[in-house]
Amino acid sequence: MRALLGGRPGARSWELGERTVPEPGAGELLVRVRAAGLNRADLLALGGGYPVPHAGPDGVFVAGMELAGEVVAAGPGTAGRSLGDRVFCSAPAAFADYAVVDARRALPVPAGLSWTDSAALPVALETVHDALVTQAGFGTAGAVLVLGGTTGVGQVAIRLARALGADPVLATTTSEAKRAAIAAAGADPLVGPAGLADGLLAATDGAGVDVVLDLVGGDQLAAALGGIRIGGTAIQIGRLAGPAATLDLNTLSFRRLRLIGTTFSVRTADERAAVAAALTPVLDLVADGRVRATVDRVVPFGEAPAALEHLRSGAAVGKVVLDLADPVPGQA
């Protein structure tokens, strides 16, 4: 089968190679991959900045971390799963014609949802729901700020917050040209970080936002602190603008803010399965279209380096997706 390989020293892109079709073990499904989403963590993994537990002794690994496709084989302990089931999930080694996935993380693709739209969702949906609902404790009302609203995760974050009852939903961009994408997803756009706290207070009648989802890092979180309500919560998720920030600890303390850091890279298999299981109540929101990904572009599997460069450029609004729907000759 075809596979995109990373881990070569100095490589700026993946290498298209061949691998043996894997076999599912206990609790696992073998999925014929039809589409796979790109993530910023894929860039980090390629450069050695993100852990890849399944890498071989030489450091080489099959890249990718989210996919959509149909089940073609199932290992023991996967009762309730059927061959031909359409699923989408986060999973390692997703950039290949076939991938083995933890059955507990494989979610049913809603009727009518395309492969590419499905493949753009798993990482973003898990990330946002876990941060907003599980960790921040968001219920059915409150104000939410998304720092980095034009990223793939940010676009899903806006729609999920809105669907769960957040009002207002605000989101930042550093580009005036991308304001329209934030508004189209359902948020009020803020171009920052300059004056961000004042903008948040103005949008919430002086109260401040209840939850901040920080997908950017760097100075944007620091700029937002004064615009979070007393007792509010900030979840630090992504670090596109860098891993360092200078925070005003007086603001943090006087507003009694909760600051929570999160990542999936060091979670156990059981923890990742629990994150996926928690999504069950919101799958109806995906089915009726209220929660969806913004797909910036779909790229044929053989043109993956171009997809990678587009993601690296920062020009994408939403997700870049690889299309594996048409197998190469001799492959099912």
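1. Leu247 counts as partly exposed, because its relative accessibility is 24% (buried is under 20%, exposed over 50%, partly exposed in between, with a 1.4 Å probe and protein chains only). Leu247 sits in the loop between strand 13 (228-236) and helix 8 (249-254). Helices (H or I, at least four residues) and strands (E, at least two) are DSSP runs, numbered from the N terminus.

2. The model is predicted: local features need pLDDT of at least 70, side-chain atom pairs count only at pLDDT 80 or more, and totals for chains, interfaces and linings use all residues. Residues are numbered from 1 along each chain as its sequence is written, and side-chain values use heavy atoms, without hydrogens and water.

3. What does Leu247 touch, leaving aside its neighbours within four places in sequence? Leu247 is in contact with Ala222, Leu225 and Leu259 (contact means heavy atoms within 4.5 Å). Ala222 is 25 residues from Leu247 in sequence, yet the C-alpha atoms are 5.1 Å apart.

4. Helix 3 (residues 122-135) and helix 4 (residues 152-163) have axes that come within 9 Å and cross at roughly 50 degrees. Axes are lines fitted to C-alpha atoms, for helices over the stretch in contact, and angles run from 0 to 180 degrees between N-to-C directions. Helix 3 contributes Ala124, Leu125, Thr127, Val128, His129 and Leu132 to the contact. Helix 4 contributes Gly152, Val153, Val156, Ala157, Leu160 and Ala161.

5. Helix 9 (residues 269-277) has Arg272, Ala273, Val275 and Ala276 as its buried residues. Strand 6 (86-90), strand 8 (107-108) and helix 3 are among what covers them.
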